[in-house]
2 protein chains.
Amino acid sequence: MTVAIGVDLGGSNLRVAAFAGDDPRPVCAHREEVGLARAPEAIVERIAAAVDHVARGAGVTDGTSLPVGVGLAAMLRDRRGTVANSPHLRWRDVAFGELLAARLGPIRPVGGYNDVNAITWGEHVAGAGVGIDDLLAVYVGTGIGAGVIASGRLLDGARHCAGEIGHVKVAWGDGAAPCACGQRGCVEAYVGGSYVAARIIAALSAARAPRTRALELAGGVPGRVTPGHVDQAAADGDDWALALWTELAPLLAVALGNALAMLNPARLILGGGLLSRTPTLRELTLGALMLAAPVAATDGLSIVDSTLGDDAGLLGAAHLAASGQTFAP
Amino acid sequence: MTVAIGVDLGGSNLRVAAFAGDDPRPVCAHREEVGLARAPEAIVERIAAAVDHVARGAGVTDGTSLPVGVGLAAMLRDRRGTVANSPHLRWRDVAFGELLAARLGPIRPVGGYNDVNAITWGEHVAGAGVGIDDLLAVYVGTGIGAGVIASGRLLDGARHCAGEIGHVKVAWGDGAAPCACGQRGCVEAYVGGSYVAARIIAALSAARAPRTRALELAGGVPGRVTPGHVDQAAADGDDWALALWTELAPLLAVALGNALAMLNPARLILGGGLLSRTPTLRELTLGALMLAAPVAATDGLSIVDSTLGDDAGLLGAAHLAASGQTFAP
């Protein structure tokens, strides 16, 4: 039985799990809060301890050669696992990969991955992408991110920064919406969950707020109206909600369709917290996608929902490391 | 000395050449007009005869096992070389790959590629992409096409249709420009050479045509004004020419920048007949690209011109076949 260890290092939790073969259920799992001590060296020590712990829990007496893959809520700079920036971890220019590889020992395959890439690989191993060698997975949650698999390999780009679909431009010029990344017109600045939520609340809190069923559904309190309420109102035929969704759906559709034109995947996997709570927006987006994507790119394309949820990242990171897609020397 | 044979099947010419190793100069080359007899079986026979001819010309006595790669001016449907549509060849739904593989024999590696993919691979073997394993090559000529190499492999997609950058959308809705592909808002319908040329002539032939230096440069004949004249006029500060280029450059930049966001290549290769004759448009596009592409995607990116020209396709097809990137069984 082949065992590999996956690590998910997020802003709140450090999770570590041992997996056997393609089974998405971990043999042994560990979770601890990241807490306030976030010096890279300290985090690496804690990862090493947790790796030992789950290896033993999985019944492996000598775990020193087990592959370890780490999914990070971070923008990576290169294939050596250097973290360019992680607002979640409050890291900037951290040689995380080198520290980790040095600590975990030379025998072991060690890799670090953008968390969305790790989740995508997990879906490929045991979720919505099993058996599909060319796939695009797009997660529309607080932000928007994507993972790409081409010919059965993770497409991570020259510097580990591929799949940045949240920052493709769907508007330009001075009127384009400002994005937290510092640029304008990113699709995330229109359809990312935090932007959508803020826009809804701002619109309904304004002096001349529109009348909308979304507000009724939230008990009349503007600050409580969520994208889910707007989606329900749109489904009920509410003018304001429909107008908002009809504005946003083509923007997301263009970002998706343009990615399909470049990549020609066999499958598009959709996930993330926003789309799972907004079925009407999802449906409008898929309708607009047929106009946005070249016919050749949608012919034979299957579009499915992600199935594994957040744990996909642990599984995916473990399998990426085990498959040899590790740090470049 | 490893010899492989490249074939370029275009709308006008059938070219076949034998290459030795990485040398971009063919050991032996053959060219004939495609002519009017375009039945797939007849074309395959002529390819087979020309392959024998150049193999002998390259001094190979038994050429039956030499790899043969064919670059096609066609949209392919799958990895078996089925031609979905080729306006140039007047083919639709032709099982070209199967015919070719059956005729050229079972020993030989045989592959068929979109012509832009073959050109891109040629630049990778011996041109502007040597030593670069993650690259995007974009050709802005009559149309707009792209080839992608990721981790040293051609990214051709699930159905051989990846890299369709000409048909990414930069506008949507009823006001978006109609494209020959049947959709609206494709970047090619704005910045593709045939569209740019037609737009220029239409604008300058209209009843209230603008006054522009571009018209002077073309001897005062509206029907003779080319994108090159407009580019020269823009460089000279002509208002109309600058306004047109300032409208088009961000559209091309957004298409390029969004592709960089998804792919994170180490190098962007630019080629094609339009950009080579419009240095001002090229410069404006690259300026706009810095706003359109995520910072992480341009950090460390090199942008260079293609160096091999059209012959890159022959070399690339030969090497793709030799590298084992051939028809799926």
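This is a predicted model: local features need pLDDT of at least 70, side-chain atom pairs count only at pLDDT 80 or more; totals for chains, interfaces and linings use all residues.
Reader: Let's start with chain A. How many helices and strands does it have?

Author: Chain A has twelve helices and 13 strands.

Reader: And how compact is chain A for its length?

Author: Its radius of gyration is 21 Å. The globule rule gives 20 Å for 329 residues, which is close, so chain A is as compact as a globular protein of that length.

Reader: What does the C-alpha trace of chain A span along its principal axes?

Author: About 65 × 45 × 35 Å.

Reader: What share of chain A is buried?

Author: Buried residues are 57% of the 329 in the chain.

Reader: What about contacts in chain A between residues at least 6 apart in sequence? What share joins residues at least 24 apart?

Author: That share is 61%.

Reader: Switching topic. How many residues does each chain bring to the contact between A and B?

Author: Chain A brings 45 residues, and chain B brings 45 residues.

Reader: How much area do they bury between them?

Author: About 3300 Å², with 60% of it on carbon and sulfur atoms.

Reader: Which three residues of chain B supply more of its buried area than any other three?

Author: They are W172(B), M262(B) and N264(B). Together they supply 21% of the area that chain B buries against chain A.

Reader: Let's do backbone angles. What is phi for H160(A)?

Author: It is about 70°, a positive value, although H160(A) is not a glycine.

Reader: Where does H160(A) sit?

Author: H160(A) is in the loop between β11 (153-154) and α4 (188-191) of chain A.

Reader: Is H160(A) buried or exposed, and why?

Author: H160(A) counts as buried because its relative accessibility is 7%, and the cut-off for buried is under 20%.

Reader: What about phi of D93(B)?

Author: Phi of D93(B) is near 55°, also positive in a residue other than glycine. D93(B) lies in strand β7 of chain B, residues 91-94.

Reader: Why does D93(B) count as partly exposed?

Author: Because its relative accessibility is 48%.

Reader: What does V68(B) touch, leaving out residues up to four places away in sequence?

Author: Its contacts include I5(B), V7(B), V51(B), R108(B) and A321(B). V68(B) and R108(B) are 40 residues apart in sequence, and their C-alpha atoms are 7.4 Å apart.

Reader: Which helix holds N117(B)?

Author: Helix α3 of chain B, residues 115-126. N117(B) is buried, at 1% relative accessibility.

Reader: And which residues does N117(B) touch, beyond four places in sequence?

Author: N117(B) touches A146(B), G147(B), V148(B), L154(B), D156(B) and L320(B).

Reader: Where is L284(B)?

Author: L284(B) is in helix α10 of chain B, residues 279-292. Its relative accessible area is 30%, so L284(B) is partly exposed.

Reader: What is L284(B) in contact with, leaving aside neighbours within four places?

Author: L284(B) is in contact with W245(B) and A249(B).

Reader: Last one. Where is R267(A), and how far is R267(A) from T278(A)?

Author: R267(A) is in strand β12 of chain A, residues 267-271. R267(A) and T278(A) are eleven residues apart in sequence and 21 Å apart in space, C-alpha to C-alpha.

Definitions and conventions
Residues are numbered from 1 along each chain as its sequence is written. Chains are lettered from A and ligands numbered from 1 in the order in which they are written. Side-chain values use heavy atoms; hydrogens and water are left out. Helices (H or I, at least four residues) and strands (E, at least two) are DSSP runs, numbered from the N terminus. The radius of gyration is taken over C-alpha atoms; the globule rule is 2.2 Å times the number of residues to the power 0.38. Buried means under 20% relative accessible area, exposed over 50%, partly exposed in between (1.4 Å probe, protein chains only). Contact means heavy atoms within 4.5 Å. Buried area is the accessible area (1.4 Å probe) that two parts lose on being put together, summed over both.
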